[in-house]
Amino acid sequence: MNFLEERICKDGIVKEGNVLKVDSFLNHQLDIALLERMGEEFARRFAGAKIDKILTIEASGIGIACVAARYFSVPVVFAKKARSINIEGEMYIAEVESFTHKCKNQVIVSKKFLSPGEHVLIIDDFLANGCALQGLISIVSQAGAQVEGIGIAIEKGFQSGGRTIRNLGYRLESIAIVDGMDAATGEILFRGQEV
Ligand code: 5GP
C-alpha cells in the first residue's frame, strides 16, 4: 500500500451512496505533509512532461494543486463555480454536474489565465464519473491549450470516469485507486499499481 492508501484506510470513512469521506485530511481539514508527499508523487509521475500551468476546480482541488505547484514551479488556475453568469467573451465556460451535490454548475476560467499553446496539468481530489474532469478538459480545449496530464488523489475505479478519460487517450495518474468499498464493513479495496 502506498502512503495515501494507508491514510485512507486509517482515516477514510465509507458512506452509503459510494461516497468516501476524507475530510479529516484531504478536503476539509488538510494534512499539509500528506499534500506535500502527493505533490512529490505527481512530480515523480509526470517527470519530463512539459507543464506550464496547473488547472483545478474549486474548492477541494485548490489545496492539492497549490502544494503540487511548488514541485513544478508553475502557477495554479482554478475554475470557479458560478450559478448564473453573463460574461461570455471573457470567460471559458463549461457545464459540470456535481457528484456529491447532485446539481449542475457552470464553471468558468478567465481567458486571461489560460492561453493557446500552454501545456496544462489538471489536478483534482477525486475522480468518480468524470464530470468535473470533462469540464476542465473542455476549458483547456476552448483555450487552444493542451492537456499534458491529469493527476488525481483518489480515483473511484468502480465508477466510470477513469475508464472514460483513459479511453479518450489522456495520461491519467491517480495516487490511490479504490476498486471497491463497503459501507457496512468499512472495507476498502485498492487497485495494485506498477509505479
Ligand atoms: P465526478 O465529476 O468525477 O463525478 O466527481 C468528482 C468530484 O466530486 C470531485 O471533485 C469531488 O469533489 C467529488 N467527489 C466524487 N466522489 C467523491 C467521494 O467519494 N468523496 C468525496 N469527498 N468527494 C467526491
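**View 1. An oxygen atom of the ligand lies 2.8 Å from a polar backbone atom of Asn129.** This pair is a polar contact, a term that here covers N or O atoms within 3.5 Å of each other. Taken alone the ligand exposes 510 Å², and the protein buries 89% of that, with accessible areas coming from the Shrake-Rupley method with a 1.4 Å probe. The model is predicted, so that local features need pLDDT of at least 70 and side-chain atom pairs count only at pLDDT 80 or more, while totals for chains, interfaces and linings use all residues. Residues are numbered from 1 along each chain as its sequence is written, and side-chain values use heavy atoms, with hydrogens and water left out.

**View 2. The ligand is surrounded by 17 residues.** Leu20, Ala128, Asn129, Gly130 and Lys156 are the closest of them, where a residue counts as near the ligand if one of its heavy atoms lies within 4 Å of it. A polar backbone atom of Leu20 is 2.8 Å from a nitrogen atom of the ligand, and a polar side-chain atom of Asp125 lies 3.2 Å from an oxygen atom of the ligand.

**View 3. The largest nonpolar core has 33 residues.** Such a core is a set of buried Ala, Val, Leu, Ile, Met, Phe, Trp, Tyr and Cys residues joined through side-chain atoms within 4.5 Å, and buried means under 20% relative accessible area, exposed over 50%, and partly exposed in between (1.4 Å probe, protein chains only). Among the residues with the most contacts inside this core are Leu4, Ile8, Leu20 and Ile154. Helix H3 (60-72) is one of the elements that each supply at least two residues of this core, and H3 gives the most to it, with six residues; helices are DSSP runs (H or I) of at least four residues and strands are runs (E) of at least two, numbered from the N terminus.

**View 4. Ile8 touches Leu20, Phe25, Ile154, Ala176, Ile188 and Phe190.** This list does not count residues up to four places away in sequence, and contact means heavy atoms within 4.5 Å.

**View 5. A cis peptide bond joins Glu58 and Ala59, with omega about 0°.** Ala59 is found in the loop between strand E3 (53-57) and H3. Most residues other than glycine have a negative phi, and most peptide bonds are trans.

**View 6. Asn18 has a positive phi of about 65° although it is not a glycine.** Asn18 lies in the loop between strand E1 (13-15) and strand E2 (19-21), and counts as partly exposed because its relative accessibility is 38%.

Key. A polar contact is a pair of N or O atoms within 3.5 Å; within protein, one must be able to donate a hydrogen and the other to accept it, and residues adjacent in sequence count only if both atoms are side-chain atoms.
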